[in-house]
Amino acid sequence: MMKLIIGTLMLSSAIAFAPATVTHALLQGGSVVKDHGPMILNNSGKRLSRTDFRLHVATTDKDSNFIATMDDSNTDYNALAKVTQGYQELTSKHYLTMAFLQAGVLASGADIATQSMEAAFIDYGHVAAMATVASTMSGFMNAIWLRQLENAFPGTESKEVACKTMIHATIFATIINSAYLAFVPLFTTYLYHDGGTPDLSVLFSSWSVDEFITLTKLELLMFIPYNTLAFKFVPPSVRPLTHAAISATFNVAVSAVTLGYFDKWCESATGMFS
């Protein structure tokens, strides 16, 4: 599962930060690139080395439809091109569905990884509860929120980036953290295990100020730097994937808090440096 999380982080980074220069003969309406042996000429007569050509990524749209342009003889580059193009097509056609699915899958992997480090067996009820909250809040609702933020503060200038980063951190992030603390234990006990009829008096007793503050501190440390970069450099259509990938690492901490491991981890870490 850790390989899945690491692989997704690498893929999302490649998709998000790939250069967006248009250099491919097969793009309709794009630049015409002519291959002359070891050198490649575009329609302006500028020479490109074959190595540089392999690294160029063409796009028909600023925010979507990325097409990696690779040398046909390089299988690895062609595979990445197909994955990149396929993902862009899926996110453009099924934006919310993809956000929902990728958040659920990554949260499940993070929870299984957390339990594997501490427990003798995996509580798949807790895994399902984490996936339910993550896919709904960190995936579906967060994708809507990111789109609304972009519409309200379009652009990548410093002012717009700062506004989007601080609004996301102070409003929606607190809602997501509260949802994890309240609903993961609730769903684990009453939805995915036979916990009987929920007692309304203790319905949200799993939410506590101390745990909320803990998650909020981690949220600020991780997501303010990430969002500052994402709102500046990552296209809006790719942000749900990069956010889900970063959230997978954050979900390890969420799982540890909801399972009661986090304090033990902190004590162990403190012991190592004392």
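Predicted model: local features only at pLDDT ≥ 70, side-chain atom pairs only at ≥ 80, totals over all residues.
Let me start with a pair of side chains, those of Ser 138 and Tyr 180, which are joined by a polar contact of 2.8 Å; a polar contact here is a pair of N or O atoms within 3.5 Å, where, within protein, one must be able to donate a hydrogen and the other to accept it, and residues adjacent in sequence count only if both atoms are side-chain atoms. Residues are numbered from 1 along each chain as its sequence is written, and side-chain values use heavy atoms, with hydrogens and water left out.

Ser 138 sits in helix H5, residues 124–152, helices being DSSP runs of H or I with at least four residues, strands being runs of E with at least two, and both being numbered from the N terminus. Is Ser 138 buried or exposed? With a relative accessible area of 8%, Ser 138 is buried, where buried means under 20% relative accessible area, exposed means over 50%, and partly exposed is in between, using a 1.4 Å probe and protein chains only. If we set aside neighbours within four places in sequence, the residues in contact with Ser 138 are Ala 103, Val 133, Ile 176, Tyr 180 and His 243, contact meaning heavy atoms within 4.5 Å.

Two of those names, Val 133 and Tyr 180, come back when we turn to the largest nonpolar core, which has 26 residues and in which Val 133, Tyr 180, Val 184, Leu 215 and Val 254 are those with the most contacts inside it. A nonpolar core is a set of buried Ala, Val, Leu, Ile, Met, Phe, Trp, Tyr and Cys residues joined through side-chain atoms within 4.5 Å. Which helix gives the most to this core? That is H6, with 6 residues, although H5, H6, helix H7 (209–233) and H8 each supply at least two.

Staying with H6, we find Leu 181 in that helix, and at 1% relative accessibility Leu 181 counts as buried. The C-alpha atom of Leu 181 is separated by 6.6 Å from that of Thr 258, although the two residues are 77 apart along the chain. Leaving aside neighbours within four places in sequence, the contacts of Leu 181 include Trp 207, Phe 212, Leu 215 and Val 257. Leu 215, for its part, touches Asn 177, Leu 181, Phe 250, Val 254 and Val 257, again not counting residues up to four places away in sequence.

Now to the charged side chains. How many salt bridges does the structure hold? There are 3, a salt bridge being a side-chain nitrogen of Lys or Arg within 4 Å of a carboxyl oxygen of Asp or Glu. One of them joins Glu 118 and Lys 264 at 3.2 Å, N to O, and this pair links distant parts of the chain, with Glu 118 in helix H4 and Lys 264 in helix H9 (residues 262–273), 146 residues apart. Glu 118 is partly exposed at 29% relative accessibility, and Lys 264 is also partly exposed, at 48%.

Another salt bridge joins Lys 164 and Glu 150, whose closest N and O atoms are 2.9 Å apart; Lys 164 lies in helix H6 (residues 158–190) and Glu 150 in helix H5, so the pair ties together parts that are 14 residues apart in sequence. Lys 164 counts as buried at 0% relative accessibility, and Glu 150 counts as buried at 14%. Glu 150 also meets Arg 239 in a salt bridge of 2.6 Å, N to O, and here the parts linked are 89 residues apart, with Arg 239 in helix H8 (residues 239–259). Through shared partners, Glu 150, Lys 164 and Arg 239 are joined by salt bridges into one network.

To close, a few values for the protein as a whole. Its secondary structure comes to 9 helices and 5 strands, and buried residues make up 41% of its 274 residues. Among contacts between residues at least 6 apart in sequence, 65% join residues at least 24 apart. The accessible surface comes to about 14,400 Å², with 64% of it belonging to carbon and sulfur atoms, as computed by the Shrake-Rupley method with a 1.4 Å probe, where, for residues, only the protein chains shown count as cover.
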